[in-house]
Amino acid sequence: MKHIKTVSITLFLIASHLFASAQLAEAKKAIAESNARYFQSFAKNDPSIFINSYAEDACILAPLAPASCGKAAIAKFFEAGYKEYGLRNGKFITTAVYGDGKEYVTEEGLWQSINAKGEVFDDGKFLVLWKKTKNGWKMYRDSFSSNHGPK
């Protein structure tokens, strides 16, 4: 009887681990797909792509600025990036994803910002807290910093 109980517990733990691994894999796939679309918003000057990458209650936590929370503030953030900074494209390099994939995961990585001439004009690192919503995985807290000082 003790052997059956041990086997049952072991099988339960294996199944739990496999389920959590599958959830994390789903989150990683959704993050990669979102990251692939993200900079298309600047290339096409289409803020809807950018805004729809974020959860309804999301905040962008940019350096040297107050938090930009909610869809209207995120739309203004896009507009500033496009008009004031000349952002037209970019790149995310995910270096790690932490979490179990149930409700939240954290993405760590590097980014590059590209202007209309195709030149990298800024680069840095980021942490994004992703939230699983009814519309899939969305950015919930987006925090980043440049590798360069204020210009």
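Below, a student asks why the terms used for this predicted model apply, and each reply sets a value against a definition.

Me: What should I know about the numbering and the values?
Reply: Residues are numbered from 1 along each chain as its sequence is written. Local features in this predicted model need pLDDT of at least 70, side-chain atom pairs count only at pLDDT 80 or more, totals for chains, interfaces and linings use all residues, and side-chain values use heavy atoms, with hydrogens and water left out.

Me: Why is Ile49 called buried?
Reply: Its relative accessible area is 18%. Buried means under 20% relative accessible area, exposed means over 50%, and partly exposed lies in between, with a 1.4 Å probe and protein chains only. Ile49 at 18% is under the limit, so Ile49 is buried.

Me: Where is Ile49, and what does Ile49 touch?
Reply: Ile49 is found in helix α3. Helices (H or I, at least four residues) and strands (E, at least two) are DSSP runs, numbered from the N terminus. Contact means heavy atoms within 4.5 Å. Leaving aside neighbours within four places in sequence, Ile49 is in contact with Arg37, Gln40, Ser41 and Lys44. Arg37 is 12 residues away from Ile49 along the chain, and their C-alpha atoms are separated by 7.2 Å.

Me: Why is Leu64 called exposed?
Reply: Leu64 has a relative accessible area of 81%. That is over 50%, so Leu64 is exposed. Leu64 lies in the loop between β1 and β2, and its phi is near 60°, a positive value in a residue other than glycine.

Me: What makes Asn45 partly exposed?
Reply: The relative accessible area of Asn45 is 39%. Asn45 is placed in the loop between α2 (40-43) and α3. Phi of Asn45 is near 50°, again positive in a residue other than glycine.

Me: How do you know that Asn35 is buried, and what does Asn35 contact?
Reply: Asn35 has 12% relative accessibility, which is under the limit, so Asn35 counts as buried. The place of Asn35 is in helix α1. Leaving aside neighbours within four places in sequence, Asn35 is in contact with Phe92, Thr94, Glu107 and Trp130. Asn35 and Ile93 are 58 residues apart in sequence and 8.9 Å apart in space, C-alpha to C-alpha.

Me: What is the nonpolar core, and which residues touch the most other members?
Reply: A nonpolar core is a set of buried Ala, Val, Leu, Ile, Met, Phe, Trp, Tyr and Cys residues joined through side-chain atoms within 4.5 Å. The largest one has 25 residues, of which Tyr38, Phe42, Phe50, Tyr54, Ile74, Val105 and Trp130 touch the most other members. Elements that give two or more residues to this core are α1 (2-38), α3 (47-51), β1 (54-61), α4 (71-83), β4 (104-114), β5 (120-133) and β6 (136-146). The largest share, 5 residues, comes from α1.

Me: How do you know that β3 and β4 pair?
Reply: Two strands pair if DSSP finds at least two bridges between them. Strand β3 (residues 89-98) and β4 have 9 bridges in the antiparallel sense, so the two strands pair. Val97 stands opposite Glu107 in β4, and the bridge partner of Asn89 in β4 is Ile114.

Me: In which sense do β1 and β6 pair, and how do β5 and β6 run?
Reply: β1 and β6 pair in the parallel sense over 4 bridges. β5 and β6 run antiparallel and are joined by 10 bridges. A hairpin joins β5 to β6 through 2 residues.

Me: Why are β2 and β3 called edge strands?
Reply: The open sheet has 6 strands in the order β2-β1-β6-β5-β4-β3, and the pairing is mixed. β2 (68-69) and β3 are the edge strands: each pairs on one side only.

Me: How do you know that Ser113 is buried?
Reply: Ser113 has 11% relative accessibility, under the limit, so Ser113 counts as buried. Ser113 lies in strand β4. Not counting residues up to four places away in sequence, Ser113 touches Leu87, Asn89, Gly90, Glu119, Val120, Phe121 and Asp122.
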